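Thank you all for coming. I would like to walk you through one structure slowly, going from the whole chain to single residues, so please have a look at it with me.

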Amino acid sequence: MAKATAANFTDEPYYTSEQIPIPPELPDILLQFSKAAIRTQPTDVLAWSAAYFRALANGETPPVKERLEMPLATQKIDTGLTM
């Protein structure tokens with residue numbers, strides 16, 4: 001995959017929101033998807049994303065965790081959190 005540079009972008013057409021109609025439901029779909037991905041922390045993001053959107057398209061409940069689960073502490077000094 002080619003590395004993006006400023007020179008690459010000058011050759012590509014520039015589109016604005018006035019030129020491309022954005023479905024009104026898209027921002028909320030992407031927001032809910034992003035939150036679900038952060039909570040679920042899938043190991044294979046692409047496979048999980050496909051399952052998530054397939055479930056939505058089929059009217060099913062997507063594979064989402066209700067909350068972010070932090071790793072349990074393994075030692076007294078290990079809080080399970082990283083800085």
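When I speak of a helix, I mean a DSSP run of H or I that holds at least four residues, and the helices are numbered from the N terminus. With that in mind, reading along the sequence of the protein chain gives the pattern α-α-α, and the secondary structure comes to 3 helices and 0 strands. Please remember throughout that this is a predicted model.

Let me stay with the whole chain for a moment. Of its 83 residues, 13% count as buried, and its accessible surface comes to about 7500 Å², with 61% of that belonging to carbon and sulfur atoms. If we take the contacts with a separation of 6 or more, residues 24 or more positions apart account for 29% of them.

Now to α2, which has 15 residues and reaches 21 Å from its first C-alpha to its last, close to the 21 Å expected at 1.5 Å a residue. Which residues of α2 are buried? They are F33, A36, A37 and T40, and because they cover an arc of only 100 degrees around the axis, they lie on the same side of α2.

Leaving aside the neighbours within four places in sequence, A37 is in contact with P42 and W48. The C-alpha atoms of A37 and V64 are separated by 7.6 Å, although these two residues are 27 residues apart along the chain.

Q41 sits in the loop between α2 and α3, and its positive phi occurs here in a residue other than glycine.

That brings us to α3, where 13 residues reach 18 Å from the first C-alpha to the last, close to the 18 Å expected at 1.5 Å a residue. In α3 the residues W48, S49, Y52 and A55 are buried, and because they cover an arc of only 130 degrees around the axis, they lie on the same side of α3. What covers the buried residues of α3 includes α2, while on the other side of α3 we find L46, R54 and A57 exposed. After α3 comes G59, whose phi is positive, near 70 degrees.

Which residues make up the nonpolar surface patch? It is made by I22, L26, I29, L30, F53 and L56, and it covers about 470 Å². Both α2, residues 26-40, and α3, residues 45-57, supply at least two residues of this patch, and the largest share, 3 residues, comes from α2. I22, by contrast, lies in the loop between α1, residues 6-11, and α2. Is I22 buried or exposed? Its relative accessibility is 51%, and because the cut-off for exposed is over 50%, I22 counts as exposed.

Definitions and conventions:
Residues are numbered from 1 along each chain as its sequence is written. This is a predicted model: local features need pLDDT of at least 70, side-chain atom pairs count only at pLDDT 80 or more; totals for chains, interfaces and linings use all residues. Side-chain values use heavy atoms; hydrogens and water are left out. Patches are made of residues with over 30% relative accessible area and no salt bridge: like charges are joined within 9 Å, nonpolar side chains (Val, Leu, Ile, Met, Phe, Trp, Tyr) within 5 Å. Accessible areas come from the Shrake-Rupley method with a 1.4 Å probe; for residues, only the protein chains shown count as cover. A salt bridge is a side-chain nitrogen of Lys or Arg within 4 Å of a carboxyl oxygen of Asp or Glu. Buried means under 20% relative accessible area, exposed over 50%, partly exposed in between (1.4 Å probe, protein chains only). The expected span of a helix is 1.5 Å times one less than its number of residues. The arc is that of the directions from the helix axis to the C-beta atoms. Contact means heavy atoms within 4.5 Å.
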